[in-house]
Amino acid sequence: MIPDRYPDAEILAQRGHWDRATREVVLDRVTNIPEFRFFNDGERRTLEALCACVVPQDSRPPERCVAIAPWIDQRCHEALLDGFRFDDMPDERESWRAGLAGLDETAGELFQHAFADLTDDQRRTVLQAIDGGESPGDVWGRLPPRRWWRQFALRQIVAVYYSHPYAWNQIGFGGPAYPRGYASLNHGATEPWEPREVEGDGSGENREDWR
Amino acid sequence: MRLRVNLASNWLLDTEMREYPPGEPVDFCIVGTGAGGAVLAQRLARYGFSVVALEAGPWHDSETDMVSDEAGSGRLYWNDLRITGGTEPLELGANNSGRGVGGSTVHYAAFCPRLHPSDFRARTLDDVATDWPLAYAELEPYYAAMEREYPVSGPAHWPWGKPHGYPYAPLEAGTAGQMLVKGCVRLGIPVAAGGPVGIPAGRVGKRPHCIMRGFCLLGCKVGAKSSMHVTHIPDAIEHGAEIRTDCLAYEVVVDNHGFATGVRYLRTDSGGGVHDETQQARAVVVAGYAIETPRLLLNSASGRFPDGLANSSGLVGRFLMAQAAPVVWGRFPFMIRQYKAPPACASTEEFYETDRRNDFVRGYSLQSVSPLPIAMSHLITDEGGLFGDELLRAMQDYNHYACVGVLGEILPDERNFVSLHPTVKDQYGLPVPHVHFNLFDNDRRLMDAGVGRARTVLEAAGATETHWVPRYAHLVGTCRMGFTPEDSVVDRYLRSWDVPNLFVCDGSVLPTQGSANPALTISALAARTADWIRDAAPRGELRRRPDFAVPGDC
């Protein structure tokens with residue numbers, strides 16, 4: 001678990017200053033989490049395990065966790081497209097189905113279990129094998145593993161997460177700013193209502209040691 | 001019809017828009033309302049021609065349809081299916097062509113530099129690519145006109161290319177842009193702050209000044225940014241043009257004599273019903289972006305034009321270019337808060353021209369860019385495939401990052417192209433575009449040099465670590481203008497060599513792209529073409545095939 005660098009952040013408290021259209025879009029994201037309609041139970045389990053691996057949220061109270069998998073399910077169900085697909089990949093729905101099957105297949109080859117039943121370290125090993133293009137399994141003969149992972153699955157998962165105000169709190173993003181705008185433009189200054197970063201990283205460690 | 005749409009804070013466009021019956025020919029039917037189509041529509045309407053502009057998307061009402069939110073802004077983009085391949089498959093959808101009145105100028109960052117005079121003579125000067133069939137001097141007055149009309153903010157003296165000044169004062173830069181300035185200053189690299197950017201530093205007509213909210217790429221709710229739907233479109237309507245929205249053009253119709261007679265399109269009504277209609281026209285202009293423009297021409301194949309319309313050269317769709325636009329970011333020990341202020345605010349063109357000491361020809365610009373959280377997370381995952389705690393930690397540094405965008409010239413190459421996919425169809429049963437993009441040696445060396453330069457600039461400004469990922473932007477070139485019917489699709493006035501009353505008026509016509517964001521150049525070309533049409537149409541020239549330009553004439 002990473003330490004909290006903006007412990008006082010609560011961007012949603014600013015929602016009274018947002019325009020109505022923006023407020024509706026953001027609050028809808030927080031409160032109206034869609035039902036699963038596209039993936040079957042097995043796929044859903046794999047997808048949720050994948051999302052948990054990409055964005056660990058285990059130390060947050062459940063009501064402060066950001067739901068990710070339901071939004072990917074909704075994209076697939078409603079066939080919301082990004083406007084393109086790679087010519088060496090199938091369409092978005094098939095890519096998700098095939099890739100999730102590929103995670104289980106590789107997990108089975110390496111650890112004799114489904115991806116969702118692996119430990120966190122084992123899941124990372126599976127994902128690193130896929131990222132390196134060395135993942136065992138028939139699926140990855142049909143689906144380019146690194147492209148599926150980096151340019152498709154990983155991108156979509158982080159896009160869902162960083163669209164959420166709780167994630168904005170974590171990184172100190174000021175959020176929507178219409179019609180109020182921003183006034184403090186110099187020296188990285190905060191607006192009076194913006195969250196401040198704690199000294200260091202909040203853990204007592206020096207941030208520069210992390211990498 | 002009565003048109004009621006919010007264009008800016010406290011600017012409700014509430015006006016009567018003229019409507020033309022599709023069955024009666026108008027003087028011009030224009031496909032697309034972006035930087036090219038909108039300016040052409042406005043000019044032609046002012047010159048007294050009847051004009052219908054077909055727009056595939058809707059009006060984006062600034063109060064109800066635009067949001068201060070990355071994930072909620074997908075409607076601004078062209079999201080119909082395209083297939084992408086090659087050694088560097090381009091990511092399409094967001095970050096290129098728009099959908100809706102104003103086209104991609106709705107979501108562009110609004111950097112509005114001019115090309116340099118050398119860009120028009122790459123073959124002569126550097127023995128690469130091709131020369132343009134017109135000289136910088138011919139476009140210069142139109143550049144100046146567009147800088148006044150957008151308008152564009154920037155320094156009083158712009159030292160690169162042909163030096164010039166900007167009509168509006170420089171726009172204030174945020175801390176992220178200041179890092180580019182600081183790094184350049186410390187290295188002795190000339191740099192400019194506050195433009196050229198199509199965000200006027202001050203109120204313009206009914207458009208308020210910028211509130212520094214930093215969501216330029218998601219559409220400007222304020223109406224401060226110079227997008228076509230707040231600049232030239234309202235003026236076009238006032239002068240009698242009709243902007244017909246939710247109309248997807250799928251075929252340019254030609255008669256037995258080889259003249260264009262109109263455009264077939266699919267109009268989606270407010271209930272979702274789709275109507276197949278044809279707008280008759282005495283001349284047709286295609287201005288639909290470098291992917292959809294060649295797609296429309298190729299989809300307009302007929303017995304007379306079996307390989308696609310205006311394609312006797314075989315070059316429709318060929319010579320696709322995108323600028324190399326790698327993003328380099330540095331981590332600073334102090335706070336940056338890059339989401340504040342417009343991303344487009346500082347740049348240097350010091351490395352724009354060919355330098356014989358380099359191992360490549362042509363050059364690049366460095367520009368400020370400031371990704372919002374989702375875009376930033378994609379830089380980080382693309383670079384190293386980070387996930388888990390590593391990703392969350394890297395993203396916790398969001399407020400410590402400042403980014404520099406390299407904008408580098410990629411040379412035109414016939415092996416980069418847009419074609420129709422042989423089997424895949426869209427929701428209307430039309431063949432989808434297949435985009436093929438490859439990098440070649442000069443492109444790679446140029447990009448490496450630009451990235452290296454951006455890193456040294458960020459380090460000079462105080463970055464303790466730097467990162468980068470490749471990116472590409474600004475697709476152009478797929479219906480190039482040239483000297484003869486054999487070497488190009490359109491002539492120097494953007495008119496088809498094959499179909500005398502058919503024009504292409506968007507980035508597709510660019511023979512080369514320099515290292516300047518293309519919007520202003522596209523608008524300037526449109527304004528120049530409009531002036532030519534004003535003089536040439538009464539002489540009956542739109543009924544005659546174009547004369548050839550002789551290379552070297554200009």
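A residue is called buried if 20 or more other C-beta atoms lie within 10 Å of its own, exposed if 12 or fewer, and partly exposed in between, with C-beta atoms placed from the backbone. This is a predicted model, in which local features need pLDDT of at least 70, side-chain atom pairs count only at pLDDT 80 or more, and totals for chains, interfaces and linings use all residues. Residues are numbered from 1 along each chain as its sequence is written, and chains are lettered from A in the order in which they are written.

**Helix α4 of chain B**
- Helices (H or I, at least four residues) and strands (E, at least two) are DSSP runs, numbered from the N terminus.
- α4(B), residues 175-187, reaches 18 Å from first C-alpha to last.
- Its buried residues include B:T175, B:M179, B:L180 and B:C184.
- Among the elements covering the buried residues of α4(B) are β14 (364-369) and α9 (441-461) of chain B.

**Contact between chains A and B**
- Two residues are in contact if their C-beta atoms, placed from the backbone, lie within 7 Å.
- Chain B contributes 56 residues and chain A 47.
- On chain B, β5 (83-85), α7 (373-384) and α8 (389-396) each give two or more residues to this side.
- Strand β1 (residues 85-86) of chain A pairs with β5(B) in the parallel sense over 2 bridges; pairing requires at least two DSSP bridges.
- A:R85 stands opposite B:I83.

**Chain A overall**
- Chain A holds 8 helices and 1 strand.
- Of its 211 residues, 42% are buried.

Technical notes
The expected span of a helix is 1.5 Å times one less than its number of residues.
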